[in-house]
There are 2 protein chains.
Amino acid sequence: MHKLTKKRQGSDTSSGCSSLIELELSPQRNNSDLDESQLTKEESLKLRNQHYASVTSLFFRHDPLMIVKGKKQYMYDENGNQYLDCINNVAHVGHCHPAVTAAATQQISQLYTNCRYLNDNLSTYAHRITELFPQPLNVCFLTNSGSEANDLALQLARAHSGGTEVITLDAAYHGHTRSCMEISPYKWVDKVKDKPSYVHVASSPDVYGGKHADAENPAHEYAMDVKHIINNIKQDGKQLSSFIMESMQSCGGQILPPSGYMLEAFRHVHEAGGLCIADEVQVGFGRVGTHYWAFETQGALPDIVTIGKPMGNGHPISGVITSQKVAESFRKISDHYFNTFAGNPVSCAIGHAVLDVISDEKLLKHAEIVGNYALQGMQKLKEKHQLIGDVRGIGLFLGMELVKDRTKKTPATDEAYEILHRMKERFIIISVDGPNNNVLKFKPPMCFSKDNTDQLLQALDDVITNVSASDDSSSNKKSMEVPKVKRAVLVQ
Amino acid sequence: MHKLTKKRQGSDTSSGCSSLIELELSPQRNNSDLDESQLTKEESLKLRNQHYASVTSLFFRHDPLMIVKGKKQYMYDENGNQYLDCINNVAHVGHCHPAVTAAATQQISQLYTNCRYLNDNLSTYAHRITELFPQPLNVCFLTNSGSEANDLALQLARAHSGGTEVITLDAAYHGHTRSCMEISPYKWVDKVKDKPSYVHVASSPDVYGGKHADAENPAHEYAMDVKHIINNIKQDGKQLSSFIMESMQSCGGQILPPSGYMLEAFRHVHEAGGLCIADEVQVGFGRVGTHYWAFETQGALPDIVTIGKPMGNGHPISGVITSQKVAESFRKISDHYFNTFAGNPVSCAIGHAVLDVISDEKLLKHAEIVGNYALQGMQKLKEKHQLIGDVRGIGLFLGMELVKDRTKKTPATDEAYEILHRMKERFIIISVDGPNNNVLKFKPPMCFSKDNTDQLLQALDDVITNVSASDDSSSNKKSMEVPKVKRAVLVQ
């Protein structure tokens with residue numbers, strides 16, 4: 001571990017404040033006598049608050065979890081407490097899977113350089129990942145994050161279509177770069193001010209609480225929303241570039257589009273000369289169980305697919321898969337594309353190892369079986385608890401929407417946060433999301449078992465029983481990640 | 001290694017073409033019988049050409065180097081040939097440094113999750129990295145690439161200044177995301193079409209071949225270019241957001257701004273309410289020898305600094321360092337900032353290890369000593385060879401500009417590529433860059449020694465002697481990374 005005050009070069013050793021508030025008045029430090037090899041939770045939090053931007057996310061900010069170890073579907077705090085991780089879809093094949101660790105370790109000691117040199121790891125990974133997609137999606141770019149992948153996808157679509165206009169879904173989240181923020185209504189603090197003119201927002205295809213939830217054919221109605229936007233774009237004399245959607249919205253509230261939606265929406269987009277981008281950053285790599293990619297559940301064929309989070313089981317790797325035609329359009333208008341870290345031998349070795357584990361441990365079938373079991377259990381909870389308005393999902397991508405009133409579907413946001421906190425007290429980590437912050441999310445590592453499911457369901461049953469019986473459900477709201485976005489319940 | 005046809009799930013096993021050209025006609029594959037654990041160089045290249053986007057950079061594309069191992073300042077091809085690496089500033093403390101490998105290995109097996117949980121590695125790294133900056137730069141964001149860091153820096157500047165306009169330098173390169181491409185004239189294929197209206201281009205402060213190279217006070221003249229742009233922005237009724245510059249331009253041709261330039265340019269920017277962003281992605285972490293950060297050589301104080309490449313010795317990690325005030329401005333207008341992979345415990349452990357090695361091995365002092373030695377040697381070569389118009393640099397950041405005529409400074413681009421190829425034949429890797437592709441670049445791993453320098457200088461002496469005597473210096477031009485950008489010599 002590091003005793004940085006003895007090691008650092010060229011820095012001052014001034015003394016000063018002892019809290020964040022004092023720091024703002026006197027921006028100096030008194031950490032020079034701190035032994036950082038043995039930080040308490042409070043010391044670690046203090047250092048973070050002082051030197052890591054406070055706008056960054058931290059779960060349970062007022063009493064954050066200090067996590068020091070991860071193994072399979074479990075995480076461990078500094079006191080050795082074991083938490084059941086129901087939400088980390090990045091630790092896809094299980095936290096610190098030994099096969100992934102071994103691959104990383106071997107390659108890190110061998111070669112960790114850029115893709116300007118030929119290396120088998122990149123060549124074989126590019127082959128292998130594209131083989132997992134239907135034709136003509138047989139060429140890829142590797143990148144370092146979902147944001148980079150979506151940013152590049154938008155550039156590809158613009159190059160191929162020649163258009164400028166982008167259609168995105170309400171409540172979508174595609175990443176943190178400027179380009180991604182611009183197409184992520186989930187992150188807009190001011191829905192008018194933050195929406196650039198080239199961005200058009202179609203309704204989220206939510207069949208429980210969405211705009212066309214009660215329509216006879218929601219898939220058709222939601223697709224027609226896309227069509228209407230396209231018509232408006234044409235009337236304005238502009239050209240569509242792309243329609244981008246998460247194959248299943250996660251931040252948007254664990255939304256599964258109705259059957260037929262993608263096919264019909266994609267058809268409208270293609271007729272207008274636009275490209276369809278399926279963002280599989282959250283839901284790809286077999287999470288849905290029945291298929292490797294969530295768009296396949298809709299029988300649709302995107303022009304570009306972006307992948308990320310689970311791809312490296314924690315390691316920064318992501319990618320863009322497309323056709324030779326689209327890649328060629330981008331090549332024609334571009335100077336060489338170079339991304340320093342992308343496609344390095346370590347990232348590719350880790351990528352290979354993740355695919356190996358998914359295959360060797362038959363994780364798709366496992367996700368399908370455990371996911372069905374969990375969904376059935378959640379449906380039983382719904383029968384028992386009025387608070388649960390809807391349960392939905394496929395594979396290990398599940399959501400439970402909480403409402404105060406089943407008819408009006410009034411979001412039960414306070415209750416959702418209360419449940420979240422009580423689950424934490426029971427050493428189970430879930431999360432709350434959706435436009436109204438009333439959807440409990442479950443997207444655990446893929447090794448999540450039936451026993452874990454039983455534990456989760458039992459805890460949920462107990463906690464929901466208690467919360468439903470309690471009047472004081474708002475106490476914990478402030479200490480969680482409540483965004484500033486003006487959404488229904490939060491502005492009340 | 002991977003025999004992917006036996007492992008992959010959900011993919012077809014069709015057969016078809018045997019070359020890239022045939023592939024375009026019949027987009028199917030015949031790789032299913034390929035044992036990818038034992039690829040020849042040709043097979044690896046074929047797979048890459050088929051499945052990895054061809055717009056991506058590959059050195060010596062028509063006869064690329066297959067690299068299988070890296071150690072210290074050396075790389076090794078599939079036949080065990082050792083190459084002296086004079087250009088990889090990412091492998092900062094040496095390829096596969098055992099201390100970095102050990103830190104990565106330990107942490108990968110322990111915990112590899114996101115920064116929504118409190119973890120000492122992030123807290124202590126945030127503290128440690130900010131301690132390396134002058135006040136009030138005492139808060140950081142961690143990101144995954146230089147592009148992500150610059151993208152975020154631009155967002156911070158916009159939030160704090162309230163402005164929209166950005167001033168960048170000619171020949172600048174800041175990354176591959178859309179936002180970064182927009183401020184990177186180095187990457188613009190069409191200088192009129194690719195320049196967004198909010199972007200303004202100031203002259204590169206090049207004191208050898210630049211606009212004000214022959215002025216009495218180039219620093220002042222170049223800074224006045226920035227001032228004139230600011231005046232124009234004001235006249236248009238717009239507000240400056242930021243002035244972004246690489247503290248020393250690398251892709252732009254190893255450009256060291258004249259003394260006093262940053263101070264004066266920054267003053268103009270601050271007077272206009274804009275923020276100054278120093279991009280240290282290429283040149284930071286002690287490369288210049290005398291200081292940890294290249295902006296310090298100018299005695300200037302930026303508002304935001306971006307760091308990247310060398311930060312993880314190959315591992316994807318980067319960052320943005322700023323003041324509490326700027327970070328607070330961003331927080332006020334933002335929902336939570338979340339970056340999935342950024343600040344994970346493995347990236348931070350690696351970041352710590354890199355800082356440890358820089359300190360333990362006294363790499364700043366080493367870079368200063370070896371850099372001075374190399375610069376002196378290059379100056380002697382300049383005295384001997386008319387082809388060398390200029391040598392410049394500081395620490396292990398060095399450039400050698402080649403000209404056909406010392407008076408007219410006509411770029412010797414063909415000769416530069418010929419030298420590059422002949423150096424490769426002598427197992428020494430250098431690169432060619434700059435707006436006219438006539439600058440030989442040297443930015444080796446920081447463990448580069450005096451013996452390596454002797455080897456490099458001797459080889460350069462021999463090769464330049466031969467190239468200068470030869471008429472046939474254009475044969476290798478096409479096989480290197482010659483950009484499509486219409487620069488002086490390339491359009492001939």
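S247(B) is buried, with a relative accessible area of 1%; buried means under 20% relative accessible area, exposed over 50% and partly exposed in between, for a 1.4 Å probe and protein chains only. This is a predicted model, in which local features need pLDDT of at least 70, side-chain atom pairs count only at pLDDT 80 or more, and totals for chains, interfaces and linings use all residues. Residues are numbered from 1 along each chain as its sequence is written, chains are lettered from A and ligands numbered from 1 in the order in which they are written, and side-chain values use heavy atoms, leaving out hydrogens and water.

Let's stay with the serine for a moment. S247(B) sits in the loop between β7 (240-246) and α9 (261-271) of chain B. Helices (H or I, at least four residues) and strands (E, at least two) are DSSP runs, numbered from the N terminus. The side chains of S247(B) and E280(B) are joined by a polar contact of 2.6 Å. A polar contact is a pair of N or O atoms within 3.5 Å; within protein, one must be able to donate a hydrogen and the other to accept it, and residues adjacent in sequence count only if both atoms are side-chain atoms. Beyond its neighbours within four places in sequence, S247(B) has contacts (heavy atoms within 4.5 Å) that include P257(B), M262(B) and F295(B).

| Residue | Relative accessible area | State |
|---|---|---|
| S247(B) | 1% | buried |
| H62(B) | 63% | exposed |

H62(B) lies in the loop between α3 (41-51) and β1 (67-71) of chain B. Its C-alpha atom is 9.8 Å from that of L45(B), a residue 17 places away along the chain.

Next, a helix. In α5(B), 12 of the 12 residues are buried, so the helix is largely enclosed by the rest of the structure.

What is the angle at which helices α13 and α14 of chain B pack? Helix α13 (residues 413-425) and helix α14 (residues 450-469) of chain B pack at about 130 degrees, with their axes 10 Å apart. Among the residues making this contact are I419(B) and M423(B) of α13(B), and L460(B) and V463(B) of α14(B). Axes are lines fitted to C-alpha atoms, for helices over the stretch in contact, and angles run from 0 to 180 degrees between N-to-C directions.

Finally, chain A has 14 helices and 16 strands.
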